[in-house]
Amino acid sequence: MKRILTFTLLLILAPSFLFAMTADEIIEKSNIAYYYAADDGKATAKMYIKDARGRERYREITILRKDIKDGGRQNYYVYFHEPADVSKMVFMVWKQVSGDDDRWLYMPAIDLVKRIATSDKRSSFAGGVFTYEDVSGRRTIDDTHTLLREEKINGKEAYVIKNVPKDADVVEFSYYISWIDKSTFLPIKGEYYNKSDKLYRTIEVEKTAVIDGYPTSIKGTGKNLETGLETTIEFVDVKYNLGLKENIFEERFLRRPPREIRK
Amino acid sequence: MPRRSIVIIMFLTLSALLTADSHAFTLHGFVEGAYGTRFDDDLTKKDHYTLGEGRFQVKGSYSPSFLDKWYGEFTFKGDAYYDGYEETTYGDARTAVLSITPHDMIDLKIGRQVLTWGTGDLIFINDLFPKDYISFFIGRDDEYLKLPSDAIKGSLFFDIFNVDLVIIPDFEPNNNIKGDRLSYFHGLEDRIVGDDVENDYKEPENKSKNMEAALRLYKNIKGMEAAIYLFDGFYKDPLGVLKATPTYRFYYPELTVYGFSLRDAVFGGIGNIEAGYYYSREDKDGDNPMVENSYFKALAGYSKDMGGDFKVGIQYQLEKMLDYDDYETNFPGGSGKADEHRHLWTLRLAKLAMNQNLTLSLFSFYSPSDKDYHLRPQVSYKFTDNLSSTIGGNIFEGEDDHTFFGQLDRNDNAYIRLRYSF
């Protein structure tokens with residue numbers, strides 16, 4: 001009888017025990033959903049940067065991405081359309097699992113392929129609130145993740161996770177809180193706290209859509225509460241599984257942008 | 001100026017194509033005013049300034065549908081400017097090129113194009129494409145350091161390595177310092193001269209025998225970029241003397257260069273090394289004082305991102321004159337004798353601030369062997385996406401008159417540029 005009771009109890013408890021996800025698993029799944037959707041992808045990003053005095057800047061880029069391994073290495077090709085002074089410039093990243101990423105910049109005015117030193121991933125991408133890490137993803141192993149609670153935010157059920165950097169010296173935050181959509185695993189919101197535990201930066205996803213079967217963030221805004229800088233990114237012409245070849249992410253196509261940029 | 005007619009022809013072609021087919025077309029450009037003042041009176045044409053011009057640049061690209069199969073694209077960039085120093089209006093086609101991919105493994109670029117390769121930062125060992133050192137030293141945008149070449153560039157992409165072959169049918173020299181705008185050391189006069197000395201420069205004749213070729217074999221091995229270079233053509237500077245009386249007549253001697261480079265991420269930054277052997281074919285033994293000797297040149301560089309949008313780059317270059325004994329024995333006299341070894345250091349400091357709208361940079365050249373240096377401080381600010389301004393300076397200092405930067409001692413200048421991009 002005792003044995004049957006134990007067995008019954010196990011049966012009842014098992015689902016929640018077996019299916020509850022750890023914080024690490026949630027973050028890993030979110031990372032895949034947001035940064036590694038499909039095998040490759042293309043999007044044009046329109047970036048609106050507004051400073052505290054209301055002055056606006058506009059950047060327009062087309063991004064090609066190819067995953068070498070889900071959650072691991074991937075390549076980015078970023079082609080600048082606007083503003084005029086950087087038009088046709090190309091920025092390329094080989095994202096690595098360990099060590100620094102490899103980055104190149106092509107400057108068409110002087111036909112120069114420049115290799116760029118990349119130790120600081122927290123520097124701003126194109127002068128906006130988003131950092132290089134926001135654009136191409138922060139390595140999940142760089143933080144320890146704790147599931148704080150589950151709650152409803154912006155009408156969506158979400159996991160709330162605290163992320164603490166393992167190496168606090170190389171980042172400007174002491175931790176950040178992520179709200180992750182329980183159904184799509186896309187991030188909904190991020191709050192960044194500085195070393196004196198004060199909220200100084202927020203990132204919020206404002207619009208998502210399902211494209212080619214993949215839930216996709218198509219509009220988001222980052223705010224720096226200290227400087228008053230705001231940046232909104234809108235993604236248009238999002239496509240997945242284009243069958244991008246790996247050789248697109250080589251010097252040849254820095255000097256001569258691939259067809260996929262134009263299509 | 002044939003360049004002016006190229007600009008007009010390209011404009012007409014582009015507009016004709018445009019009206020026929022508006023498939024994939026881009027157009028950008030800028031209007032710019034620039035002024036540069038000099039600090040010392042000099043022997044040059046105008047004493048009080050080095051730069052004063054209004055410039056209009058337009059650049060566009062166009063992919064006509066009839067070239068879709070070959071992924072064809074016309075790219076054009078032209079500058080029209082009034083140069084107040086020369087009191088002349090110029091039209092320069094900087095780019096007028098057709099790019100096609102006739103095969104998966106082949107790219108071709110045919111026409112007027114700016115060409116760059118090699119790993120140095122403002123130091124060029126295996127990049128033997130023409131440069132404009134006058135623009136570089138009087139405060140024009142860095143873009144103008146590179147001159148375009150009329151060339152055919154063929155690229156082949158194999159699994160084991162890639163090949164670039166550039167053929168330049170008509171020789172294009174560097175825009176070297178001539179004394180009308182920047183004073184310099186004249187070896188035959190044995191003194192600093194300006195426009196008070198008349199020189200004549202004889203370019204190689206435009207015939208098939210004088211065609212220049214530049215070859216690069218390269219490969220990216222898991223992030224390490226390796227390249228081998230070969231150049232066969234002429235010195236881009238007039239380093240040969242044809243005759244010394246009654247006027248000075250210089251020419252561009254034959255040159256072959258063999259070299260290599262490596263670049264990779266090291267020690268949390270980027271490291272590069274590059275070397276080249278300059279074989280002076282008209283002075284094989286180094287005993288002809290009228291032609292430059294052969295040289296071995298090598299550089300090592302390292303750049304690092306210090307965080308907070310602050311970057312630092314350092315380079316060392318060695319230039320070793322070969323057959324130095326023969327050079328010494330045959331040196332005709334005067335104070336302009338070169339050392340056997342020239343050591344050169346460079347330091348680049350660059351900082352972005354104010355949401356990356358403000359750029360502060362300082363590039364310095366320093367040669368402990370020549371005992372001279374050149375500083376290039378620059379501040380630029382983007383008021384809007386369209387409007388930007390740059391203020392900077394070129395400072396030269398040296399113990400001797402005959403060294404590379406020392407000779408420019410009296411050309412210290414400061415400049416300002418205001419640009420509206422569209």
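## How to read it

Because the model is predicted, local features need pLDDT of at least 70 and side-chain atom pairs count only at pLDDT 80 or more, while totals for chains, interfaces and linings use all residues. Residues are numbered from 1 along each chain as its sequence is written, and chains are lettered from A and ligands numbered from 1 in the order in which they are written.

## A three-stranded sheet in chain B

Let's start with chain B, where three strands make an open, mixed sheet in the order β10-β14-β13. Strands here are DSSP runs of E with at least two residues, helices are runs of H or I with at least four, and both are numbered from the N terminus. Two strands pair if DSSP finds at least two bridges between them. At the edges stand β10 (199–202) and β13 (240–243) of chain B; each has a single partner strand, so one side of each lacks a neighbour in the sheet. On average, neighbouring strands of this sheet are turned by 35 degrees against each other, direction ignored (axes are lines fitted to C-alpha atoms, and angles run from 0 to 180 degrees between N-to-C directions).

Which strand does β10(B) run parallel to? Its partner is β14 (residues 248–251) of chain B, and four bridges join the two. Within this pair, B:Asp200 sits opposite B:Arg249 in β14(B).

## Where the chains touch

The contact involves 29 residues from chain A and 33 residues from chain B. Two residues are in contact if their C-beta atoms, placed from the backbone, lie within 7 Å.

On the side of chain A that touches chain B, the elements giving two or more residues are β2 (56–67), β6 (112–116), α4 (251–255) and α5 (259–262) of chain A. That side has nine nonpolar, six polar and 14 charged residues (Ala, Val, Leu, Ile, Met, Phe, Trp, Tyr, Cys and Pro count as nonpolar, Asp, Glu, Lys and Arg as charged, and the others, Gly among them, as polar).

Most residues other than glycine have a negative phi, and most peptide bonds are trans. A cis peptide bond, with omega about 0 degrees, joins A:Glu82 and A:Pro83. A:Pro83 lies in the loop between β3 (74–82) and β4 (90–95) of chain A.

A:Asn154 is not a glycine, yet its phi is positive, about 50 degrees. Its place is the loop between β7 (143–153) and β8 (156–165) of chain A.
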